[in-house]
Amino acid sequence: MTSSLSPIPFNRPYYTGRELDYIRASMEDGHIAGDGPFTKKCHAFFEERFQVKKALLTTSCTDALEMSSLLCRIGPGDEVIAPSFTFVSSINAFMLHGARPVFADIREDTLNIDESQVEGLITEKTKAIVAVHYAGVGCEMDALMALSKRYDIPLIEDNAHALAGKYKGRYLGTFGATATQSFHETKNFTSGEGGALLINDESLMERAEIIREKGTDRSRFFRGQVDKYSWVDLGSSFLPSDMLAAFLYAQLESLDEIQERRRRIWEGYKSGLKGWAEASEVKLPQVPAHCEQTYHMFYMLMPSLDKRQEFIAYLKEKRILAVFHYLPLHLSTMGKALGGKEGDCPVTEEMSDRLVRLPFYTGLTEEDQHRVMEAVKEFS
Ligand SMILES: *Cc1c(COP(=O)(O)O)cnc(C)c1O
């Protein structure tokens with residue numbers, strides 16, 4: 001019976017239909033390296049739509065984080081405070097330059113960094129605080145920004161889930177010294193691989209351009225501000241081809257449509273599963289009233305690790321792919337080598353055991369979502 005059903009994947013990329021036209025336009029224009037016409041359109045989009053002071057496309061969010069690390073002048077012996085419940089890139093980018101991660105636990109309601117723990121983790125060596133807006137719901141920015149100011153430590157927003165989300169009416173990605181975006185295939189807007197660095201601290205803007213252009217002042221040269229360009233600082237190649245920017249621009253143009261589709265799917269899950277969740281001691285995601293979320297994912301918190309594993313196996317039988325993440329970074333092979341041990345971040349450890357994500361993507365059809373929900377409601 002069940003094997004005749006087609007599988008429902010966990011994620012599937014969504015195409016607006018204009019991507020190929022724009023890639024062709026980029027090829028015909030003949031400027032396919034970085035910083036061509038489509039890159040400029042993307043930059044203008046971020047700056048106008050989200051009121052960020054400066055946007056620079058990068059090859060990934062990981063690279064935008066690494067640029068942030070260079071901008072903060074992270075070096076050996078420095079410490080960076082970050083949640084243990086996040087993707088490895090939020091930490092790797094800083095460790096690559098010699099920093100030691102100091103892991104904070106998360107809040108039980110939003111699974112975001114527990115702002116009340118951060119101050120206790122600050123030392124003389126703290127050089128950055130990383131805030132990850134998990135599932136596109138804002139961290140407690142008032143408290144984090146106050147700490148950042150008081151201790152003069154830059155705040156970096158890992159905004160991979162949260163483009164277009166708001167905290168108290170203000171766009172996420174506009175709070176930190178920098179914020180980083182991902183356009184990986186699994187994110188709301190994609191170019192397969194891709195990212196952006198958003199810069200809010202004006203004193204970092206010029207160096208950001210230099211770091212992204214292999215340590216040269218090529219951007220100033222193209223603006224006519226210098227008559228030749230030369231090597232002025234450390235840097236690397238962090239800029240994507242304009243063909244990828246063309247793909248991304250097609251997606252950004254459809255931002256509202258994409259978000260509306262995702263909102264409907266998210267609300268469909270939340271209202272459709274409410275009764276079952278209450279009866280099954282399953283917790284559905286919570287979004288504080290002062291946060292506008294981005295409908296990046298639909299996760300649930302099962303009563304226990306065993307139940308979670310049973311649930312994933314059960315859905316797999318029904319050819320529905322559900323997944324879990326993140327394994328606590330402090331308990332990873334790398335984290336343990338750094339001294340991490342069980343009990344360091346108890347909320348992270350518990351949520352990581354209990355969390356499951358349902359299939360969630362922009363093109364998920366009503367029928368498929370219905371099938372997922374019917375299957376879920378038969379599980380107890
Ligand atoms: C996806 C993701 C990243 C990495 O993005 P890439 O573009 O693949 O480098 C970093 N942080 C978070 C929170 C993510 O979800």
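Predicted model: local features only at pLDDT ≥ 70, side-chain atom pairs only at ≥ 80, totals over all residues.
Let me start with Gln309, which lies in helix H11, where helices (H or I, at least four residues) and strands (E, at least two) are DSSP runs, numbered from the N terminus. At 38% relative accessibility Gln309 counts as partly exposed, because that class lies between buried, which is under 20% relative accessible area, and exposed, which is over 50%, with a 1.4 Å probe and protein chains only. Gln309 and Phe324 are 15 residues apart in sequence, and their C-alpha atoms are 9.3 Å apart in space.

Residues are numbered from 1 along each chain as its sequence is written, and side-chain values use heavy atoms, with hydrogens and water left out.

How is the chain divided? There is a domain 1 (2-12 + 255-378) and a domain 2 (19-253), with bounds that come from an automatic or database domain assignment. The C-alpha centres of domain 1 and domain 2 lie 26 Å apart, and the contact between them takes 35 residues from domain 1 and 42 residues from domain 2, contact meaning heavy atoms within 4.5 Å.

Two residues show how separate stretches of chain come together. Ala104 is found in strand S3, residues 100-104, and counts as buried because its relative accessibility is 0%. Leaving aside neighbours within four places in sequence, Ala104 is in contact with a set of residues including Ile81, Pro83, Leu121 and Cys345. The C-alpha atoms of Ala104 and Asp344 are separated by 8.6 Å, although these two residues are 240 residues apart along the chain. Thr110 has its place in the loop between S3 and helix H5 (115-121), and Thr110 is buried too, with a relative accessible area of 4%. With neighbours within four places again set aside, the contacts of Thr110 are Tyr134, Val137, Gln286, Pro288 and Tyr299.

Let me turn to helix H14, residues 366-377, which has 12 residues and reaches 16 Å from its first C-alpha to its last, close to the 16 Å expected at 1.5 Å a residue; that expected span is 1.5 Å times one less than the number of residues. Which residues of H14 are buried? They are Gln369, Arg371, Val372, Met373, Ala375 and Val376, and what covers them includes helix H10 (255-279), strand S11 (299-301) and helix H11 (305-317).

The next topic is aromatic rings. A search of the whole structure finds 22 aromatic pairs, where rings of Phe, Tyr and Trp (its six-membered ring) pair if their centres lie within 6.5 Å, and planes under 30 degrees apart count as stacked, over 60 as edge-to-face and the rest as tilted. The rings of Phe221 and Phe222 have centres 5.6 Å apart and planes at 55°, so this pair is tilted; Phe221 is partly exposed at 30% relative accessibility, whereas Phe222 is exposed at 59%. The rings of Trp276 and Phe311 have centres 6.2 Å apart and planes at 25°, so that pair is stacked, and it links distant parts of the chain, with Trp276 in helix H10 and Phe311 in helix H11, 35 residues apart. Both partners are buried, Trp276 with a relative accessible area of 9% and Phe311 with 0%. Elsewhere, Phe45, Phe46, Phe50, Tyr171 and Phe183 form one aromatic cluster.

Arginines also meet rings here. Arg170 lies over the face of Phe175, at 4.0 Å from the ring centre, and Arg308 lies over the face of Phe324, at 4.1 Å from the ring centre; a charge sits over a ring if NZ of Lys or CZ of Arg is within 6 Å of the ring centre and within 35 degrees of the ring normal.

Finally, the cysteines. How many disulfides does a search of the whole structure find? It finds zero, a disulfide being a pair of cysteine sulfur atoms within 2.5 Å. Cys72 is in no disulfide, and the nearest cysteine sulfur, that of Cys61, is 14 Å away; Cys72 is buried, with a relative accessible area of 14%.
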